[in-house]
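Here is a friendly walk through the structure shown below. Please keep it open beside you as you read.

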Amino acid sequence: MLQSFGKYLLFMQSLFIRKESARILFGRTVDEAILIGINSIFIVAIVSTFIGAVTCVQVSYNLNNAFIPRSTIGFMVREMTILELAPTITSIVLAGKVGSSIAGGLGTMQITEQVDALEVMGINSASYLVLPKVVAAILVFPMLVILAMFLSILGGYLAGTLSGELTPQEYITGIRDGFIPYNITFALIKSVVFAFLISSISSFRGYYTSGGALEVGAASTSAVTSSVIAILIGDFVLAYILL
Amino acid sequence: MIEIHNIHKAFNGKKVLDGVSGVFETGKTNLLLGASGTGKSVLLKCIVGLIKPDLGSVTFDGTYFTNNKLDIRQEIRRKIGMLFQGSALFDSMTVEQNVEFPLKMLTDMTKEERKERVDFCLKRVGLEGANKKMPSEISGGMKKRVGIARAIAPHCTYLFCDEPNSGLDPQTALKIDELIKEITEEYNITTIIVTHDMNSVIEIGDKIFFLYEGKKLWEGTRDDIMDTDIKELNDFIFANRLMRDAKKVEEEEREEEEERRYNGQLASQGKEKAPSEESVETEKEPHPDNPEGPAATTQTGNDKV
Ligand SMILES: Nc1ncnc2c1ncn2[C@@H]1O[C@H](COP(=O)(O)OP(=O)(O)OP(=O)(O)O)[C@@H](O)[C@H]1O
Ligand SMILES: [Mg+2]
(Lines give C-alpha, C1' and ligand atoms only; values in the text may rest on other atoms or scores of the structure.)
(Ligands and ions follow the chains in the order given, each with its own letter.)
Protein backbone atom coordinates (compact mmCIF):
# COMPACT_ATOMS: atom_id res chain seq x y z
CA MET A 1 0.00 0.00 0.00
CA LEU A 2 2.67 2.45 1.11
CA GLN A 3 4.92 1.14 -1.62
CA SER A 4 2.36 1.70 -4.31
CA PHE A 5 1.72 5.19 -2.96
CA GLY A 6 5.42 5.93 -3.32
CA LYS A 7 5.36 4.53 -6.85
CA TYR A 8 2.36 6.74 -7.57
CA LEU A 9 4.24 9.83 -6.42
CA LEU A 10 7.22 8.94 -8.61
CA PHE A 11 4.84 8.38 -11.50
CA MET A 12 3.32 11.82 -11.01
CA GLN A 13 6.77 13.33 -10.94
CA SER A 14 7.71 11.58 -14.18
CA LEU A 15 4.87 13.39 -15.94
CA PHE A 16 6.73 16.65 -15.58
CA ILE A 17 10.26 15.74 -16.57
CA ARG A 18 11.23 15.86 -20.26
CA LYS A 19 7.80 16.97 -21.40
CA GLU A 20 6.82 17.17 -25.02
CA SER A 21 6.35 20.56 -26.64
CA ALA A 22 3.44 22.63 -25.39
CA ARG A 23 1.85 22.61 -28.82
CA ILE A 24 1.62 18.82 -28.92
CA LEU A 25 0.41 18.55 -25.33
CA PHE A 26 -2.20 21.22 -25.96
CA GLY A 27 -3.59 19.37 -28.95
CA ARG A 28 -3.72 16.13 -27.01
CA THR A 29 -5.43 17.86 -24.08
CA VAL A 30 -8.16 19.27 -26.30
CA ASP A 31 -8.76 15.81 -27.77
CA GLU A 32 -8.93 14.20 -24.35
CA ALA A 33 -11.23 16.91 -23.01
CA ILE A 34 -13.67 16.41 -25.86
CA LEU A 35 -13.54 12.68 -25.31
CA ILE A 36 -14.18 12.91 -21.57
CA GLY A 37 -16.92 15.48 -22.02
CA ILE A 38 -18.82 13.73 -24.76
CA ASN A 39 -18.50 10.29 -23.22
CA SER A 40 -19.83 11.30 -19.84
CA ILE A 41 -22.31 14.10 -20.41
CA PHE A 42 -25.24 11.76 -20.92
CA ILE A 43 -24.73 9.66 -17.82
CA VAL A 44 -24.02 12.74 -15.71
CA ALA A 45 -27.24 14.36 -16.96
CA ILE A 46 -29.37 11.34 -16.14
CA VAL A 47 -27.83 10.68 -12.75
CA SER A 48 -28.03 14.26 -11.58
CA THR A 49 -31.61 14.82 -12.74
CA PHE A 50 -32.77 11.77 -10.87
CA ILE A 51 -30.76 12.61 -7.79
CA GLY A 52 -32.47 16.00 -7.67
CA ALA A 53 -35.86 14.40 -8.16
CA VAL A 54 -35.33 11.75 -5.52
CA THR A 55 -33.95 14.25 -3.03
CA CYS A 56 -37.01 16.42 -3.50
CA VAL A 57 -39.45 13.57 -3.05
CA GLN A 58 -37.70 12.26 0.04
CA VAL A 59 -37.36 15.65 1.68
CA SER A 60 -41.02 16.41 1.13
CA TYR A 61 -41.92 13.02 2.58
CA ASN A 62 -39.99 13.87 5.73
CA LEU A 63 -41.37 17.41 6.00
CA ASN A 64 -45.07 17.10 6.58
CA ASN A 65 -45.14 19.42 9.56
CA ALA A 66 -47.62 22.22 8.90
CA PHE A 67 -45.38 24.77 10.66
CA ILE A 68 -42.51 24.31 8.22
CA PRO A 69 -43.08 26.19 4.96
CA ARG A 70 -43.10 24.07 1.81
CA SER A 71 -40.37 26.22 0.31
CA THR A 72 -37.97 24.53 2.71
CA ILE A 73 -38.06 21.58 0.32
CA GLY A 74 -36.47 23.68 -2.41
CA PHE A 75 -33.94 25.00 0.06
CA MET A 76 -32.96 21.50 1.16
CA VAL A 77 -32.68 20.19 -2.38
CA ARG A 78 -30.35 23.04 -3.23
CA GLU A 79 -28.17 22.59 -0.15
CA MET A 80 -27.82 18.86 -0.56
CA THR A 81 -27.21 18.75 -4.26
CA ILE A 82 -24.85 21.69 -4.63
CA LEU A 83 -22.75 20.93 -1.63
CA GLU A 84 -22.51 17.19 -1.76
CA LEU A 85 -24.53 15.23 -4.25
CA ALA A 86 -23.67 17.00 -7.48
CA PRO A 87 -19.89 17.05 -7.06
CA THR A 88 -19.43 13.79 -5.20
CA ILE A 89 -21.95 11.54 -6.89
CA THR A 90 -20.98 12.93 -10.28
CA SER A 91 -17.35 12.20 -9.50
CA ILE A 92 -18.13 8.68 -8.38
CA VAL A 93 -20.05 8.10 -11.58
CA LEU A 94 -17.15 9.56 -13.54
CA ALA A 95 -14.70 7.35 -11.66
CA GLY A 96 -16.59 4.43 -13.15
CA LYS A 97 -16.92 5.89 -16.58
CA VAL A 98 -13.73 7.89 -17.14
CA GLY A 99 -11.48 6.03 -14.71
CA SER A 100 -12.10 2.62 -16.19
CA SER A 101 -11.71 3.88 -19.71
CA ILE A 102 -8.42 5.61 -18.88
CA ALA A 103 -7.03 2.53 -17.15
CA GLY A 104 -8.30 0.17 -19.83
CA GLY A 105 -6.92 2.29 -22.64
CA LEU A 106 -3.49 2.73 -21.08
CA GLY A 107 -3.36 -0.92 -20.01
CA THR A 108 -4.09 -2.06 -23.54
CA MET A 109 -1.45 0.28 -24.90
CA GLN A 110 1.01 -1.13 -22.41
CA ILE A 111 0.44 -4.81 -23.14
CA THR A 112 0.37 -4.32 -26.92
CA GLU A 113 3.73 -2.50 -26.73
CA GLN A 114 2.30 0.80 -27.95
CA VAL A 115 3.86 2.44 -24.91
CA ASP A 116 7.19 0.86 -25.80
CA ALA A 117 6.79 2.16 -29.34
CA LEU A 118 6.47 5.70 -27.94
CA GLU A 119 9.46 5.22 -25.68
CA VAL A 120 11.63 3.96 -28.53
CA MET A 121 10.86 7.13 -30.45
CA GLY A 122 12.34 9.00 -27.51
CA ILE A 123 8.99 10.25 -26.27
CA ASN A 124 8.22 10.34 -22.57
CA SER A 125 5.20 8.07 -22.82
CA ALA A 126 3.92 8.83 -19.33
CA SER A 127 3.93 12.53 -19.94
CA TYR A 128 2.64 12.30 -23.49
CA LEU A 129 -0.23 9.98 -22.61
CA VAL A 130 -1.14 10.90 -19.06
CA LEU A 131 -0.56 14.61 -18.59
CA PRO A 132 -3.21 15.60 -21.17
CA LYS A 133 -5.71 13.27 -19.55
CA VAL A 134 -5.16 14.80 -16.12
CA VAL A 135 -5.35 18.36 -17.40
CA ALA A 136 -8.40 17.57 -19.52
CA ALA A 137 -10.18 16.01 -16.55
CA ILE A 138 -9.40 19.05 -14.40
CA LEU A 139 -10.89 21.29 -17.07
CA VAL A 140 -13.95 19.25 -17.87
CA PHE A 141 -15.06 17.94 -14.46
CA PRO A 142 -16.06 21.34 -13.06
CA MET A 143 -18.19 21.93 -16.14
CA LEU A 144 -19.88 18.61 -15.69
CA VAL A 145 -20.46 19.36 -12.03
CA ILE A 146 -22.04 22.72 -12.85
CA LEU A 147 -24.29 20.93 -15.29
CA ALA A 148 -25.09 18.37 -12.61
CA MET A 149 -26.01 21.10 -10.10
CA PHE A 150 -28.29 22.74 -12.58
CA LEU A 151 -29.97 19.52 -13.63
CA SER A 152 -30.45 18.18 -10.13
CA ILE A 153 -32.20 21.39 -9.10
CA LEU A 154 -34.28 21.11 -12.24
CA GLY A 155 -34.98 17.46 -11.42
CA GLY A 156 -36.15 18.50 -7.97
CA TYR A 157 -38.35 21.17 -9.48
CA LEU A 158 -39.98 18.75 -11.88
CA ALA A 159 -40.52 16.07 -9.26
CA GLY A 160 -41.83 18.54 -6.69
CA THR A 161 -44.22 20.44 -8.92
CA LEU A 162 -45.44 17.59 -11.09
CA SER A 163 -46.30 15.51 -8.04
CA GLY A 164 -48.05 18.53 -6.53
CA GLU A 165 -45.92 18.52 -3.38
CA LEU A 166 -45.29 22.23 -3.73
CA THR A 167 -45.95 25.03 -6.17
CA PRO A 168 -43.28 26.31 -8.57
CA GLN A 169 -43.32 29.58 -6.65
CA GLU A 170 -42.60 27.84 -3.35
CA TYR A 171 -39.76 25.82 -4.89
CA ILE A 172 -38.14 28.91 -6.38
CA THR A 173 -38.46 30.81 -3.14
CA GLY A 174 -36.76 27.92 -1.39
CA ILE A 175 -33.97 27.75 -3.95
CA ARG A 176 -33.23 31.45 -3.41
CA ASP A 177 -33.46 31.36 0.33
CA GLY A 178 -30.21 32.12 2.16
CA PHE A 179 -27.98 31.27 -0.76
CA ILE A 180 -24.25 31.08 0.04
CA PRO A 181 -22.10 31.59 -3.08
CA TYR A 182 -19.13 29.97 -1.34
CA ASN A 183 -20.90 26.64 -1.55
CA ILE A 184 -20.53 26.70 -5.30
CA THR A 185 -16.87 27.58 -5.01
CA PHE A 186 -16.44 24.72 -2.57
CA ALA A 187 -18.17 22.28 -4.92
CA LEU A 188 -15.95 23.35 -7.79
CA ILE A 189 -12.82 22.96 -5.67
CA LYS A 190 -14.02 19.46 -4.87
CA SER A 191 -14.60 18.67 -8.51
CA VAL A 192 -11.09 19.78 -9.43
CA VAL A 193 -9.55 17.68 -6.68
CA PHE A 194 -11.65 14.66 -7.62
CA ALA A 195 -10.77 15.13 -11.29
CA PHE A 196 -7.10 15.02 -10.41
CA LEU A 197 -7.52 11.98 -8.18
CA ILE A 198 -9.57 9.98 -10.68
CA SER A 199 -7.46 10.72 -13.73
CA SER A 200 -4.09 10.29 -12.06
CA ILE A 201 -4.96 7.16 -10.10
CA SER A 202 -6.58 5.51 -13.11
CA SER A 203 -3.65 6.44 -15.31
CA PHE A 204 -1.27 5.03 -12.74
CA ARG A 205 -3.18 1.75 -12.58
CA GLY A 206 -3.40 1.48 -16.35
CA TYR A 207 0.16 2.53 -17.06
CA TYR A 208 1.65 -0.15 -14.84
CA THR A 209 -0.32 -3.02 -16.34
CA SER A 210 1.70 -6.00 -17.43
CA GLY A 211 0.58 -9.32 -18.78
CA GLY A 212 -2.49 -9.75 -20.93
CA ALA A 213 -6.14 -8.91 -21.40
CA LEU A 214 -6.99 -10.31 -17.99
CA GLU A 215 -4.66 -7.85 -16.29
CA VAL A 216 -6.15 -4.97 -18.26
CA GLY A 217 -9.55 -5.86 -16.82
CA ALA A 218 -8.06 -6.08 -13.35
CA ALA A 219 -6.39 -2.70 -13.81
CA SER A 220 -9.71 -1.12 -14.81
CA THR A 221 -11.44 -2.54 -11.78
CA SER A 222 -8.75 -1.50 -9.38
CA ALA A 223 -8.67 1.96 -10.97
CA VAL A 224 -12.35 2.44 -10.18
CA THR A 225 -12.07 1.03 -6.67
CA SER A 226 -9.05 3.10 -5.76
CA SER A 227 -10.54 6.25 -7.29
CA VAL A 228 -13.81 5.88 -5.38
CA ILE A 229 -11.97 5.38 -2.10
CA ALA A 230 -9.77 8.38 -2.84
CA ILE A 231 -12.85 10.49 -3.62
CA LEU A 232 -14.52 9.61 -0.35
CA ILE A 233 -11.40 10.31 1.67
CA GLY A 234 -10.83 13.52 -0.28
CA ASP A 235 -14.44 14.55 0.28
CA PHE A 236 -14.06 14.18 4.00
CA VAL A 237 -10.73 15.96 4.17
CA LEU A 238 -11.96 18.89 2.06
CA ALA A 239 -15.13 19.28 4.09
CA TYR A 240 -13.04 19.26 7.24
CA ILE A 241 -10.57 21.84 5.99
CA LEU A 242 -12.73 24.14 3.93
CA LEU A 243 -16.08 24.27 5.71
CA MET B 1 27.72 0.28 -35.68
CA ILE B 2 26.18 -1.06 -32.52
CA GLU B 3 28.30 -2.89 -29.99
CA ILE B 4 26.89 -4.90 -27.15
CA HIS B 5 29.04 -6.28 -24.42
CA ASN B 6 28.26 -9.01 -21.92
CA ILE B 7 24.52 -8.42 -21.60
CA HIS B 8 22.90 -10.26 -18.72
CA LYS B 9 19.21 -10.24 -17.89
CA ALA B 10 17.14 -12.33 -15.52
CA PHE B 11 13.42 -12.13 -14.73
CA ASN B 12 12.50 -13.16 -11.20
CA GLY B 13 15.68 -15.16 -10.89
CA LYS B 14 15.19 -16.90 -14.23
CA LYS B 15 18.14 -16.20 -16.51
CA VAL B 16 17.05 -15.09 -19.97
CA LEU B 17 20.23 -13.52 -21.31
CA ASP B 18 23.55 -14.87 -20.14
CA GLY B 19 26.43 -12.73 -21.29
CA VAL B 20 25.72 -11.86 -24.91
CA SER B 21 28.30 -9.79 -26.80
CA GLY B 22 28.59 -8.80 -30.41
CA VAL B 23 29.13 -6.11 -33.01
CA PHE B 24 26.38 -5.16 -35.47
CA GLU B 25 27.86 -3.45 -38.48
CA THR B 26 26.54 -0.48 -40.39
CA GLY B 27 25.02 -1.06 -43.80
CA LYS B 28 24.48 -4.73 -43.07
CA THR B 29 21.44 -6.73 -42.12
CA ASN B 30 22.34 -8.41 -38.87
CA LEU B 31 20.12 -11.32 -37.91
CA LEU B 32 19.41 -12.60 -34.44
CA LEU B 33 18.47 -16.19 -35.00
CA GLY B 34 17.09 -18.57 -32.44
CA ALA B 35 14.21 -20.73 -31.31
CA SER B 36 11.16 -19.34 -29.57
CA GLY B 37 11.81 -18.22 -26.01
CA THR B 38 15.59 -17.94 -26.27
CA GLY B 39 15.51 -14.25 -25.44
CA LYS B 40 15.73 -12.61 -28.86
CA SER B 41 13.03 -10.05 -28.16
CA VAL B 42 14.47 -9.39 -24.72
CA LEU B 43 17.92 -8.80 -26.22
CA LEU B 44 16.46 -6.39 -28.76
CA LYS B 45 14.66 -4.50 -26.00
CA CYS B 46 17.85 -4.39 -23.95
CA ILE B 47 19.66 -2.85 -26.89
CA VAL B 48 17.10 -0.08 -27.40
CA GLY B 49 16.79 0.41 -23.65
CA LEU B 50 13.19 -0.68 -23.14
CA ILE B 51 14.50 -3.27 -20.73
CA LYS B 52 17.38 -2.40 -18.48
CA PRO B 53 20.00 -5.14 -18.58
CA ASP B 54 21.24 -6.40 -15.22
CA LEU B 55 24.77 -6.18 -16.49
CA GLY B 56 26.52 -5.19 -19.68
CA SER B 57 26.66 -2.23 -22.02
CA VAL B 58 25.40 -1.07 -25.39
CA THR B 59 27.22 1.45 -27.57
CA PHE B 60 25.75 3.21 -30.59
CA ASP B 61 28.48 4.41 -32.98
CA GLY B 62 30.84 4.88 -30.08
CA THR B 63 28.34 6.62 -27.80
CA TYR B 64 27.71 4.75 -24.61
CA PHE B 65 23.98 4.19 -24.22
CA THR B 66 22.86 1.85 -21.46
CA ASN B 67 23.32 3.93 -18.33
CA ASN B 68 24.09 7.24 -19.92
CA LYS B 69 22.35 10.54 -19.20
CA LEU B 70 18.75 10.81 -20.25
CA ASP B 71 19.35 13.48 -22.91
CA ILE B 72 22.00 11.42 -24.62
CA ARG B 73 19.84 8.33 -24.60
CA GLN B 74 16.95 10.40 -25.88
CA GLU B 75 19.14 11.74 -28.65
CA ILE B 76 20.08 8.23 -29.75
CA ARG B 77 16.54 6.98 -29.48
CA ARG B 78 15.31 9.58 -31.89
CA LYS B 79 17.48 7.87 -34.50
CA ILE B 80 15.95 4.46 -33.84
CA GLY B 81 13.20 2.88 -35.89
CA MET B 82 11.64 -0.21 -34.47
CA LEU B 83 9.13 -2.78 -35.60
CA PHE B 84 7.63 -4.71 -32.70
CA GLN B 85 6.74 -8.37 -32.75
CA GLY B 86 3.06 -7.53 -32.39
CA SER B 87 3.33 -4.44 -34.66
CA ALA B 88 2.33 -2.12 -31.79
CA LEU B 89 0.37 0.24 -34.02
CA PHE B 90 -1.45 3.02 -32.20
CA ASP B 91 -4.97 1.75 -32.44
CA SER B 92 -6.66 5.09 -32.02
CA MET B 93 -5.00 6.35 -35.21
CA THR B 94 -5.43 5.49 -38.87
CA VAL B 95 -2.68 3.80 -40.84
CA GLU B 96 -1.67 7.15 -42.25
CA GLN B 97 -1.57 8.85 -38.86
CA ASN B 98 0.51 5.98 -37.48
CA VAL B 99 3.17 6.48 -40.11
CA GLU B 100 2.97 10.24 -39.79
CA PHE B 101 3.28 10.14 -36.01
CA PRO B 102 7.09 9.93 -35.68
CA LEU B 103 7.44 12.61 -38.34
CA LYS B 104 5.17 14.90 -36.38
CA MET B 105 6.95 14.22 -33.12
CA LEU B 106 10.56 14.04 -34.20
CA THR B 107 11.00 16.22 -37.27
CA ASP B 108 9.95 19.71 -38.26
CA MET B 109 8.56 18.77 -41.63
CA THR B 110 5.63 20.73 -42.97
CA LYS B 111 2.26 19.08 -43.42
CA GLU B 112 2.82 18.60 -47.15
CA GLU B 113 6.27 17.11 -46.68
CA ARG B 114 4.90 14.71 -44.12
CA LYS B 115 2.07 13.68 -46.38
CA GLU B 116 4.50 13.03 -49.17
CA ARG B 117 6.77 10.97 -46.97
CA VAL B 118 3.86 8.94 -45.58
CA ASP B 119 2.64 8.13 -49.06
CA PHE B 120 6.15 7.21 -50.12
CA CYS B 121 6.67 4.87 -47.15
CA LEU B 122 3.28 3.22 -47.53
CA LYS B 123 3.96 2.68 -51.19
CA ARG B 124 7.33 1.24 -50.32
CA VAL B 125 5.69 -1.49 -48.22
CA GLY B 126 2.97 -2.03 -50.81
CA LEU B 127 0.10 -0.45 -48.93
CA GLU B 128 -1.08 2.35 -51.18
CA GLY B 129 -4.73 3.00 -50.61
CA ALA B 130 -4.84 1.75 -47.04
CA ASN B 131 -4.21 5.25 -45.69
CA LYS B 132 -7.54 5.83 -44.02
CA LYS B 133 -7.99 2.36 -42.51
CA MET B 134 -7.83 1.77 -38.76
CA PRO B 135 -5.40 -0.87 -37.45
CA SER B 136 -8.35 -3.01 -36.38
CA GLU B 137 -9.51 -3.15 -39.97
CA ILE B 138 -6.35 -4.55 -41.54
CA SER B 139 -4.76 -7.99 -41.47
CA GLY B 140 -1.82 -9.05 -39.34
CA GLY B 141 0.56 -8.96 -42.29
CA MET B 142 -0.62 -5.51 -43.25
CA LYS B 143 -0.06 -4.35 -39.67
CA LYS B 144 3.51 -5.61 -39.90
CA ARG B 145 4.00 -3.60 -43.05
CA VAL B 146 2.52 -0.47 -41.54
CA GLY B 147 4.87 -1.03 -38.60
CA ILE B 148 7.81 -1.11 -40.97
CA ALA B 149 6.60 2.02 -42.74
CA ARG B 150 6.34 3.78 -39.39
CA ALA B 151 9.83 2.62 -38.42
CA ILE B 152 11.50 3.84 -41.61
CA ALA B 153 9.48 7.04 -42.02
CA PRO B 154 11.78 9.41 -40.08
CA HIS B 155 15.00 8.25 -41.80
CA CYS B 156 16.32 6.26 -38.90
CA THR B 157 19.98 5.44 -38.44
CA TYR B 158 19.29 2.22 -36.59
CA LEU B 159 16.52 -0.15 -37.58
CA PHE B 160 15.27 -2.94 -35.35
CA CYS B 161 12.75 -5.46 -36.58
CA ASP B 162 11.31 -8.14 -34.34
CA GLU B 163 10.16 -10.93 -36.65
CA PRO B 164 9.18 -8.72 -39.57
CA ASN B 165 7.91 -11.60 -41.64
CA SER B 166 6.38 -14.05 -39.21
CA GLY B 167 2.77 -14.68 -40.05
CA LEU B 168 3.18 -13.56 -43.64
CA ASP B 169 2.87 -15.70 -46.74
CA PRO B 170 6.24 -16.65 -48.24
CA GLN B 171 5.88 -14.20 -51.09
CA THR B 172 5.14 -11.18 -48.90
CA ALA B 173 7.75 -12.36 -46.41
CA LEU B 174 10.35 -12.33 -49.15
CA LYS B 175 9.26 -8.86 -50.24
CA ILE B 176 9.54 -7.52 -46.71
CA ASP B 177 12.97 -9.08 -46.28
CA GLU B 178 14.18 -7.55 -49.49
CA LEU B 179 12.68 -4.20 -48.57
CA ILE B 180 14.57 -4.15 -45.29
CA LYS B 181 17.80 -5.12 -46.98
CA GLU B 182 17.34 -2.47 -49.65
CA ILE B 183 16.66 0.24 -47.10
CA THR B 184 19.66 -0.85 -45.07
CA GLU B 185 22.02 -0.61 -48.01
CA GLU B 186 20.45 2.45 -49.57
CA TYR B 187 20.64 4.60 -46.45
CA ASN B 188 23.63 2.80 -44.95
CA ILE B 189 21.91 2.15 -41.63
CA THR B 190 22.52 -0.46 -38.97
CA THR B 191 19.81 -3.06 -39.03
CA ILE B 192 19.11 -5.83 -36.56
CA ILE B 193 16.42 -8.34 -37.41
CA VAL B 194 15.07 -10.99 -35.09
CA THR B 195 13.96 -14.07 -36.92
CA HIS B 196 13.60 -17.80 -36.77
CA ASP B 197 13.06 -18.18 -40.46
CA MET B 198 15.84 -19.90 -42.40
CA ASN B 199 14.58 -18.37 -45.63
CA SER B 200 15.42 -14.91 -44.32
CA VAL B 201 18.82 -16.18 -43.31
CA ILE B 202 19.58 -17.43 -46.79
CA GLU B 203 18.18 -14.37 -48.51
CA ILE B 204 19.33 -11.41 -46.48
CA GLY B 205 21.57 -12.52 -43.62
CA ASP B 206 24.80 -10.55 -43.96
CA LYS B 207 25.75 -11.41 -40.44
CA ILE B 208 24.01 -13.96 -38.30
CA PHE B 209 24.04 -14.35 -34.54
CA PHE B 210 22.65 -17.61 -33.26
CA LEU B 211 21.16 -17.43 -29.78
CA TYR B 212 20.51 -20.50 -27.72
CA GLU B 213 19.09 -20.36 -24.20
CA GLY B 214 20.30 -16.82 -23.63
CA LYS B 215 23.80 -17.37 -24.98
CA LYS B 216 25.31 -16.50 -28.33
CA LEU B 217 26.51 -19.83 -29.62
CA TRP B 218 27.63 -18.82 -33.08
CA GLU B 219 28.12 -15.85 -35.36
CA GLY B 220 29.03 -15.75 -38.99
CA THR B 221 27.80 -15.16 -42.51
CA ARG B 222 25.11 -17.03 -44.38
CA ASP B 223 27.77 -18.82 -46.39
CA ASP B 224 29.27 -20.33 -43.27
CA ILE B 225 26.05 -21.30 -41.60
CA MET B 226 25.50 -24.53 -43.47
CA ASP B 227 28.81 -26.06 -42.48
CA THR B 228 29.14 -25.44 -38.78
CA ASP B 229 29.65 -28.24 -36.33
CA ILE B 230 27.55 -26.72 -33.58
CA LYS B 231 24.92 -29.26 -32.78
CA GLU B 232 22.23 -26.82 -31.59
CA LEU B 233 22.55 -24.72 -34.72
CA ASN B 234 22.48 -27.73 -36.99
CA ASP B 235 19.41 -29.02 -35.21
CA PHE B 236 17.80 -25.62 -35.66
CA ILE B 237 18.59 -25.48 -39.36
CA PHE B 238 17.44 -29.03 -39.88
CA ALA B 239 14.20 -28.46 -38.01
CA ASN B 240 13.57 -25.33 -40.04
CA ARG B 241 14.14 -27.07 -43.32
CA LEU B 242 11.79 -29.81 -42.31
CA MET B 243 9.32 -27.44 -40.77
CA ARG B 244 7.33 -26.71 -43.84
CA ASP B 245 6.99 -30.35 -44.83
CA ALA B 246 6.17 -31.30 -41.30
CA LYS B 247 3.57 -28.58 -41.13
CA LYS B 248 1.96 -29.83 -44.28
CA VAL B 249 1.80 -33.39 -43.00
CA GLU B 250 0.45 -32.23 -39.67
CA GLU B 251 -2.23 -30.17 -41.33
CA GLU B 252 -3.29 -33.04 -43.49
CA GLU B 253 -3.45 -35.28 -40.47
CA ARG B 254 -5.52 -32.75 -38.59
CA GLU B 255 -7.90 -32.41 -41.50
CA GLU B 256 -8.26 -36.15 -41.73
CA GLU B 257 -8.86 -36.39 -38.05
CA GLU B 258 -11.51 -33.69 -38.23
CA GLU B 259 -13.16 -35.40 -41.13
CA ARG B 260 -13.20 -38.65 -39.23
CA ARG B 261 -14.70 -36.95 -36.20
CA TYR B 262 -17.27 -35.22 -38.36
CA ASN B 263 -18.28 -38.46 -40.02
CA GLY B 264 -18.46 -40.10 -36.61
CA GLN B 265 -20.80 -37.37 -35.44
CA LEU B 266 -23.00 -37.86 -38.45
CA ALA B 267 -23.17 -41.58 -37.77
CA SER B 268 -23.95 -41.18 -34.09
CA GLN B 269 -26.63 -38.57 -34.73
CA GLY B 270 -28.99 -41.35 -35.78
CA LYS B 271 -28.65 -42.96 -32.36
CA GLU B 272 -28.91 -39.76 -30.44
CA LYS B 273 -32.42 -40.49 -29.26
CA ALA B 274 -30.97 -42.77 -26.57
CA PRO B 275 -30.55 -40.40 -23.56
CA SER B 276 -28.03 -41.02 -20.85
CA GLU B 277 -30.56 -41.69 -18.07
CA GLU B 278 -31.89 -44.57 -20.04
CA SER B 279 -28.44 -45.99 -20.32
CA VAL B 280 -28.15 -45.93 -16.54
CA GLU B 281 -31.47 -47.67 -16.13
CA THR B 282 -30.65 -50.31 -18.66
CA GLU B 283 -27.40 -51.02 -16.93
CA LYS B 284 -28.09 -54.69 -16.40
CA GLU B 285 -29.94 -55.57 -19.56
CA PRO B 286 -29.08 -54.00 -22.91
CA HIS B 287 -32.00 -52.48 -24.76
CA PRO B 288 -33.48 -55.14 -26.97
CA ASP B 289 -33.99 -52.75 -29.91
CA ASN B 290 -30.51 -51.39 -29.90
CA PRO B 291 -28.14 -53.76 -28.18
CA GLU B 292 -24.97 -52.02 -29.30
CA GLY B 293 -25.33 -48.30 -28.52
CA PRO B 294 -26.43 -48.08 -24.88
CA ALA B 295 -24.49 -51.19 -23.99
CA ALA B 296 -21.29 -49.47 -25.05
CA THR B 297 -21.97 -46.43 -22.82
CA THR B 298 -22.91 -48.72 -19.95
CA GLN B 299 -19.64 -50.48 -20.16
CA THR B 300 -17.58 -47.33 -19.93
CA GLY B 301 -19.80 -46.23 -17.06
CA ASN B 302 -19.07 -49.43 -15.23
CA ASP B 303 -15.39 -49.03 -15.78
CA LYS B 304 -15.40 -45.70 -14.04
CA VAL B 305 -17.17 -47.10 -10.97
N1 LIG C 1 8.74 -8.85 -18.96
C2 LIG C 1 9.07 -10.13 -18.72
N3 LIG C 1 8.91 -10.63 -17.49
C4 LIG C 1 9.25 -11.92 -17.21
N5 LIG C 1 9.73 -12.77 -18.11
C6 LIG C 1 9.92 -12.33 -19.37
C7 LIG C 1 9.59 -10.99 -19.74
N8 LIG C 1 9.86 -10.83 -21.05
C9 LIG C 1 10.33 -12.02 -21.47
N10 LIG C 1 10.38 -12.92 -20.47
C11 LIG C 1 10.87 -14.30 -20.59
O12 LIG C 1 12.06 -14.29 -21.31
C13 LIG C 1 12.14 -15.41 -22.16
C14 LIG C 1 12.54 -14.97 -23.55
O15 LIG C 1 11.50 -14.20 -24.11
P16 LIG C 1 11.60 -13.52 -25.53
O17 LIG C 1 10.36 -12.78 -25.74
O18 LIG C 1 12.88 -12.78 -25.64
O19 LIG C 1 11.65 -14.78 -26.50
P20 LIG C 1 11.92 -14.77 -28.07
O21 LIG C 1 13.26 -15.34 -28.29
O22 LIG C 1 11.65 -13.43 -28.60
O23 LIG C 1 10.82 -15.79 -28.56
P24 LIG C 1 9.81 -15.66 -29.79
O25 LIG C 1 10.55 -16.13 -30.99
O26 LIG C 1 8.72 -16.60 -29.44
O27 LIG C 1 9.36 -14.26 -29.88
C28 LIG C 1 10.81 -16.12 -22.09
O29 LIG C 1 10.97 -17.30 -21.34
C30 LIG C 1 9.92 -15.16 -21.38
O31 LIG C 1 9.06 -15.85 -20.53
MG1 LIG D 1 10.15 -12.48 -29.64
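## Conventions

This is a predicted model, in which local features need pLDDT of at least 70, side-chain atom pairs count only at pLDDT 80 or more, and totals for chains, interfaces and linings use all residues. Residues are numbered from 1 along each chain as its sequence is written, chains are lettered from A and ligands numbered from 1 in the order in which they are written, and side-chain values use heavy atoms, with hydrogens and water left out.

## Chain A

Chain A has 8 helices and 0 strands, where helices are DSSP runs (H or I) of at least four residues and strands (E) of at least two, numbered from the N terminus. Its C-alpha atoms fill a box of roughly 70 × 35 × 35 Å along the principal axes. Of the 243 residues in chain A, 50% are buried (under 20% relative accessible area; exposed is over 50% and partly exposed in between, with a 1.4 Å probe and protein chains only).

An unreviewed UniProt entry places "transmembrane region" at residues 33–61, 134–159, 180–201 and 221–242 of chain A; such positions are given in the numbering used here, feature names are shortened, and annotations may be inferred rather than shown by experiment. Residues 33–61 of chain A are 100% helix, with end C-alpha atoms 40 Å apart. Residues 134–159 of chain A are also 100% helix, and there the end C-alpha atoms are 36 Å apart.

B:Ser41 sits in helix H1 (residues 40–48) of chain B and B:Gln85 in the loop between strand E6 (80–83) and helix H3 (95–106), so the pair ties together parts 44 residues apart in sequence.

B:Gln85 is partly exposed, at 35% relative accessible area. In H1(B), 8 of the 9 residues are buried, so the rest of the structure largely encloses this helix.

## A helix pair in chain B

Helices H5 (residues 140–152) and H6 (residues 170–187) of chain B pack at about 5°, with axes 12 Å apart. The axes are lines fitted to C-alpha atoms, for helices over the stretch in contact, and angles run from 0 to 180 degrees between N-to-C directions. H5(B) and H6(B) are therefore roughly parallel (under 35 degrees; over 145 is roughly antiparallel, 65 to 115 roughly perpendicular and the rest oblique). The contact (heavy atoms within 4.5 Å) includes B:Arg145 of H5(B) and B:Thr172 of H6(B).
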